[in-house]
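Subject: Handover of a structure

Dear colleague,

Please find below the structure that I am handing over to you.

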Amino acid sequence: MTTETAYRADGPGHADGPGTWAVLLPAERYEAERLVHHDSLKLTGLTDAGRPGPGDRVAVLADAPPRLVALGRVAAPTQRHREDPDDPQSPVEPETLVVAYTRRAFDEPVPADLLTLDGPVTALDPATFRALADQLGPPPARRTWLVSLDLPIEAGTPAEAVRLFWSYVQELGPRELPAFVAPSGDELAMQAFVLGAEANQDPEEDD
């Protein structure tokens, strides 16, 4: 899965060899990345004079305040083509760069207040990039989690109930439906999450 956002950058050109860059996510894109897992991030609208090149390392940041939320590496650019293949006069779509995530920290971002950004895409010197990336530390150990979503559905048949279930999931999504998650083997530790964050589902505790 990939997500796409458009940028224009007028920073320095890509030097020979791998470079290091900072990419600033718009607020709505940061929220989308927190809600749904993506393997990569698509960047469009970058000028030739100021964009990462294949193999470059990228620090993905959220703004207000600046926080490091992910690391990635630029893959090969996608092939450019015309918006209308049957019309040779139609505009050529802008080249798209794909940043493959190598480390995610959307749930626990680290401060990047001392980083000076020139815009949505900023070239970084390698020492600054390393210092920023080192703040993430080692990735957490992976374990098995049980994730469930329970909806009471009125229907005439089991098949109809399943169809209605998926309709509600597609319509409401993670912004409205609580998902329940617990470590495998420890169901008593179950927690509810809405909008990518823990959410209390006990109305008595809200009183």
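**Strand E5 and its partners**

Strands E4 and E5 pair in the antiparallel sense, and six bridges hold the pairing. Before going further, please note that this is a predicted model. One of the facing pairs is Ala 62 and Arg 67, the latter in E5. The two strands E4 and E5 make a hairpin, with four residues between them. Within that turn, Ala 64 has a positive phi of about 55°.

As a general point, strands of a sheet pair through backbone hydrogen bonds, either parallel or antiparallel.

How much of E5 is covered? Seven of its eight residues are buried, so that the strand is mostly covered.

**Nonpolar cores**

The largest nonpolar core has 16 residues. Leu 25, Val 60, Val 69 and Phe 106 are the residues with the most contacts inside this core. Two or more residues are given to it by each of the strands E2 (20-25), E3 (40-44), E4 (57-62), E5 (67-74) and E6 (97-104). Another core, of 15 residues, lies apart from it, and includes Leu 68, Ala 112, Leu 115 and Leu 136. In soluble globular proteins, nonpolar side chains tend to be buried together.

Phe 106 deserves a separate word. This residue is found in the loop between E6 and E7. Is Phe 106 buried or exposed? Its relative accessibility is 8%, and because the limit for a buried residue is under 20%, Phe 106 counts as buried.

**A second sheet**

Four strands form an open sheet in the order E9-E10-E11-E12, with antiparallel pairing. Strands E9 (145-148) and E12 (197-198) stand at the edges and have a single partner strand each, so one side of each is left without a neighbour in the sheet.

The pairing of E9 with E10 is antiparallel and extends over four bridges; in it, Trp 145 has Pro 183 of E10 as its bridge partner. Strand E10 (residues 179-183) is in turn joined to strand E11 (residues 191-194) by three bridges, and these two strands run antiparallel. Val 181 stands opposite Gln 191 in E11, and Ala 179 has Phe 193 of E11 as its bridge partner.

**The largest pocket**

The largest pocket holds about 1,700 Å³ of space. Which residues lie nearest the centre of this pocket? Of the 36 residues that line it, these are Arg 34, His 37, Asp 107, Trp 145 and Phe 193. By class, the lining has 22 nonpolar, six polar and eight charged residues.

Helix H1 (27-35) and the strands E6, E9, E10 and E11 each supply at least two residues of the lining. The largest share, four residues, comes from E6.

Ala 32 has its place in helix H1. With a relative accessibility of 18%, Ala 32 counts as buried, because the limit is under 20%. The C-alpha atoms of Ala 32 and Leu 195 are separated by 9.3 Å, while the two residues are 163 residues apart along the chain.

Helix H3 covers residues 158-172. What span should its 15 residues have? At 1.5 Å a residue, the helix should span 21 Å, and its end C-alpha atoms are 21 Å apart, which agrees. The residue that follows H3 is Gly 173, which has a positive phi, near 65°.

With kind regards

Notes. Residues numbered from 1 in each chain as written. Predicted model: local features only at pLDDT ≥ 70, side-chain atom pairs only at ≥ 80, totals over all residues. Heavy atoms only, no water. Pairing = 2+ DSSP bridges. Core = buried A, V, L, I, M, F, W, Y, C linked by side-chain atoms within 4.5 Å. Buried < 20%, exposed > 50% of the residue type's maximum accessible area, 1.4 Å probe, protein only. 1 Å grid on protein atoms, 1.4 Å probe; cavity = no way out; pocket = protein on both sides within 12 Å on 5 of 7 lines; lining within 4 Å. Points joined across faces, edges and corners; volume = space filled by probe spheres on them. Nonpolar A, V, L, I, M, F, W, Y, C, P; charged D, E, K, R; others polar. Expected span 1.5 Å × (residues − 1).
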